[in-house]
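Hi there,

Here is the structure I promised to pass on to you. Have a look at it first, and then read on for my notes.

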Amino acid sequence: MKKTFITCILALFAFQFSIAQQRMDNSIVINGFITMSMDNFLDSIARQHNLRIIFNREEIGKQFVAEHFFNEPLKGVLANICRSSGYRYWLEGNGTIYILKTQDELLPLKKLARNTLVNPVLTQTIVQQRAEIKEPIVVRKGPFNISGKVIDKASGETLPGAVIRIAYTDLSATSNADGYFTILNVPTDTCTVITSYIGYQTDRFELRNLDFKNLVTINMFPSSNNLSEVVITDKKTDGVMTTDTRRVSVLQISPAKLNELPNIGEKDILRSFQLMPGISASNESSSGAYVRGGTPDQNLVLFDGFTIYQVDHLYGFFSAFNSNAVKDVQLYKGGFSSKFGGRLSSVTDISGKEGNKKNFSLGTDLSLLSANIFLETPVTDNSSLLLAYRRSYQGPLYNKLFNQFNNTSTLTQAQQGPGGPGGRGGAQAASTPISYFYDLNAKYTYRHGEKDIFSWSFYQGNDNLDNSREINLPSFITGNGGGIKISDLTDYGNLGSSAKWSRFWGSKLYSNTLVSYSTYKSNRDRSNKSTVTDTAGFSSEISRGTVEKNMIEDFSLKSDWEWQGFNKVKLLFGGFTSQQNLSFNYQSDSTMLIDQYNKALTGGAYAEAELNPNEQLQFKAGLRSTYYGKTGRFYVEPRLSGTYSLSDQLTLKAAGGRFYQFANRVLREDILSGSRDFWVLSDGDAIPVGAANHYIGGLSYETGGFLFDAEVYYKKLNGLTEYSQRQSPNPRSRTIEEHFYNGQGFSRGVELLAQKKTGNFTGWLSYTLAEAKNQFDTYGEEYYYANQDNRHEFKSVNMYRWKKWTFSATWILASGRPYTAPTGSYSLDNMSGIRNNYLTISGKNTERLPAYHRLDAALTMDILKVDSRKAGTIGLSLFNIYNRKNTWYKEYSIQDNQVITSDINYLGFTPNITLSIKWK
């Protein structure tokens with residue numbers, strides 16, 4: 001009897017096992033293209049076919065399934081996915097399926113299976129997890145078109161330049177300036193979408209249950225500074241700045257993380273770019289970009305679509321952009337798209353913040369240099385507003401910077417008067433500098449439905465530098481006394497505004513139409529008025545000195561369109577027109593010597609095709625045509641760039657193109673009197689249209705945590721212009737002769753970058769070997785080193801995060817810049833017998849300044865919890881820690897036929913403290 005009972009039990013078990021095997025062999029088949037996490041895939045099978053599948057969810061959830069099945073039996077499907085992920089499956093006679101790595105895991109999994117039957121809490125958890133899968137695996141076959149936008153989860157800000165791709169396919173897209181994207185021909189709704197954006201955590205989600213007729217919204221979360229563990233699942237960057245390996249010579253920065261880098265007192269966008277290869281970091285007197293041997297005026301700077309002509313505050317120590325008003329910045333070092341034109345070297349494209357669409361927030365930054373306040377708020381359910389204002393004040397740090405560039409002194413009696421030295425007193429000059437800079441940003445954004453965006457952006461920035469003084473002359477000089485009023489004023493700044501309409505016409509067409517106005521002014525008053533009263537009581541006033549005014553206005557209209565015709569082809573096209581008005585006045589004493597006014601109409605169109613024939617190859621071919629009114633000619637600019645992936649890690653890249661520039665900021669012949677550059681319009685004759693050819697090649701090797709990048713470039717330039725003024729040789733004629741010198745040049749170099757992107761310790765090392773030379777007939781037939789030439793430049797950027805603390809340090813080493821120096825002096829007597837001293841000058845830029853090097857460091861601490869109603873940091877920044885005396889330029893004077901040389905140095909050791917608080 002007992003034997004018969006055991007036989008029956010074994011027969012029943014065999015019958016159940018055969019039924020389970022039969023179901024796996026025959027009744028369950030899988031069809032479709034599957035890309036999802038392994039745990040969700042197993043849950044879907046279990047729910048659809050009423051199976052019981054037991055596995056370690058924590059471990060299995062780290063695995064991914066990317067397969068295409070065609071009527072594949074379940075047994076084969078399980079064998080396939082388990083084999084590729086290092087697992088195996090175990091089938092019980094009762095139909096339960098166990099997924100495990102070793103047989104030792106079987107007993108714990110069986111215990112887990114028993115608990116799900118007796119533990120209602122655990123059972124409910126598994127039921128809820130499976131209930132989330134509302135559709136079976138093969139719900140809807142493709143292909144599908146996916147359109148959507150990428151936004152910041154906390155604020156609702158759109159994120160331009162985010163990379164969206166379908167896992168384990170060659171399908172991908174990049175969000176445009178307003179955060180929209182389109183991916184065509186997605187095979188099934190079981191695919192997984194992976195989105196990455198600098199400074200944000202990588203996002204993954206599956207397409208199941210989505211309504212593809214509506215726009216998909218992808219919410220991104222900022223990356224945290226104090227993650228206890230980082231699991232690298234894909235190539236991603238959550239640092240401050242990186243090189244975009246999908247495009248040629250493109251840098252992208254995260255404004256929200258700028259406080260992690262050392263600074264003098266402000267989170268500075270443009271100065272942060274100087275820490276990357278190819279952009280000079282040894283010119284402290286300009287925050288403008290010296291990119292690959294180019295000058296700052298050869299860099300097109302756009303803020304919300306309008307042009308910024310001057311990017312400096314406080315003699316160039318700070319850029320003109322408030323980082324709290326900036327959402328995204330991309331810098332194209334060369335070979336840039338046909339969408340951009342009018343400059344020879346590079347493009348800096350800045351997108352302003354739209355304002356928090358969900359919550360009111362108010363923040364402030366306070367330092368020893370300036371105060372910065374910004375506000376973001378929703379206005380209605382569909383609109384938002386951002387306001388940001390920054391102003392400097394004359395504290396210890398500001399005065400140190402100001403005095404670095406301004407020499408003020410007490411004027412004593414120049415010659416011994418009655419009473420001898422010190423007798424009866426001297427002429428005293430009282431000087432109290434009054435100077436400040438400010439900038440104001442405002443942006444209003446209104447969304448009409450899901451497809452229309454209307455925005456208005458405004459920017460104004462200004463510097464007012466007043467070093468004027470009065471001198472009271474004693475009576476032994478003038479008789480009854482008098483005085484001299486010395487004006488030393490510099491007033492310069494930008495004003496710009498744009499109104500934009502963005503329209504998402506459908507999954508294949510997008511447009512962006514913008515009208516803008518921008519202006520730049522520069523006023524310099526270096527004059528003096530002296531009042532003298534003689535013994536008879538008669539007063540006379542004498543005016544001497546120079547007054548200069550330069551202004552450029554730019555009225556522009558442009559419309560950019562994107563057409564995603566096919567997954568492999570994207571077409572960019574558009575039109576543009578602008579009217580530029582330029583004036584330049586030069587007054588010496590009381591006589592107007594130069595009074596110019598010029599204007600030019602520019603218009604044209606461009607088209608560019610982005611082609612992706614396969615997963616490895618991507619390239620862009622474009623053409624830009626510009627009509628310039630002052631020459632009456634069309635200028636055609638072909639562009640080409642591309643990348644080819646030899647593997648998942650190694651990418652080759654190349655770019656080339658033709659570029660023209662119609663507005664130039666010409667250099668003065670004598671740079672020792674300060675920045676006297678000014679803007680002019682090309683006329684095709686005395687001031688030719690600038691032209692450049694770019695040739696770029698390189699390769700990148702990128703893993704989950706590291707990036708190694710190398711690029712070589714050669715840039716040929718024509719139509720370069722320098723300027724000088726000469727007094728008319730006729731002593732009776734108070735006129736100034738203007739001389740424009742035309743020349744050509746080239747720059748070439750190699751850029752190397754090694755970057756660690758993830759973990760507590762991040763940073764990069766970069767090295768640039770470069771050469772920049774010019775040739776002007778007025779200096780001879782030979783090429784000479786350009787003023788901005790830097791042969792060697794090495795940069796080390798290091799950041800370490802520990803709990804609430806961020807430590808950072810940067811070290812810069814660069815070759816000295818070339819300069820022209822006097823080699824001696826001589827004296828000549830004129831017709832009146834007065835002796836004049838003269839300098840003999842070396843060849844153009846044949847001398848070099850000493851090597852430049854500097855160490856900076858910063859310490860930042862989170863002082864308030866990020867998830868509370870307030871968030872804040874306090875930072876200590878140390879600039880030029882070991883007080884290196886880096887030479888800015890040299891001044892020369894003659895005494896007793898001897899040339900006296902004085903070194904004018906950059907800033908020495910400078911500490912600063914910054915407090916940042918934001919109320920949500």
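Before the sheet below, a quick word on terms: two strands count as paired if DSSP finds at least two bridges between them. Helices (H or I, at least four residues) and strands (E, at least two) are DSSP runs, numbered from the N terminus.

With that in hand, strands E8, E7, E10 and E11 form, in that order, an open sheet of four strands with antiparallel pairing. Its edges are strand E8 (172–174) and strand E11 (203–206), each of which pairs on one side only. From one strand to the next, the twist averages 15°; the axes used for such angles are lines fitted to C-alpha atoms (for helices over the stretch in contact), and angles run from 0 to 180 degrees between N-to-C directions. Strand E7 (residues 163–166) and strand E10 (residues 192–196) run antiparallel and are joined by four bridges. Isoleucine 164 sits opposite threonine 195 in E10. As a reminder, strands of a sheet pair through backbone hydrogen bonds, either parallel or antiparallel.

Please keep in mind that this is a predicted model: local features need pLDDT of at least 70 and side-chain atom pairs count only at pLDDT 80 or more, while totals for chains, interfaces and linings use all residues. Residues are numbered from 1 along each chain as its sequence is written, and side-chain values use heavy atoms, with hydrogens and water left out.

Now the whole protein. It has nine helices and 53 strands. Of its 920 residues, 52% are buried, where buried means under 20% relative accessible area, exposed over 50% and partly exposed in between (1.4 Å probe, protein chains only). Among contacts (heavy atoms within 4.5 Å) with a separation of 6 or more, 65% are between residues 24 or more positions apart.

- Arginine 292, with a phi of about 50°, is in the loop between helix H7 (269–273) and strand E15 (299–303). Arginine 292 counts as buried because its relative accessible area is 3%.
- Asparagine 880, with a phi near 55°, is in the loop between strand E50 (870–879) and strand E51 (887–895). Its relative accessible area is 0%, so asparagine 880 is buried too.

Finally, leucine 646 lies in the loop between strand E34 (633–645) and strand E35 (650–661). Its relative accessibility is 49%, so leucine 646 counts as partly exposed.

Best wishes
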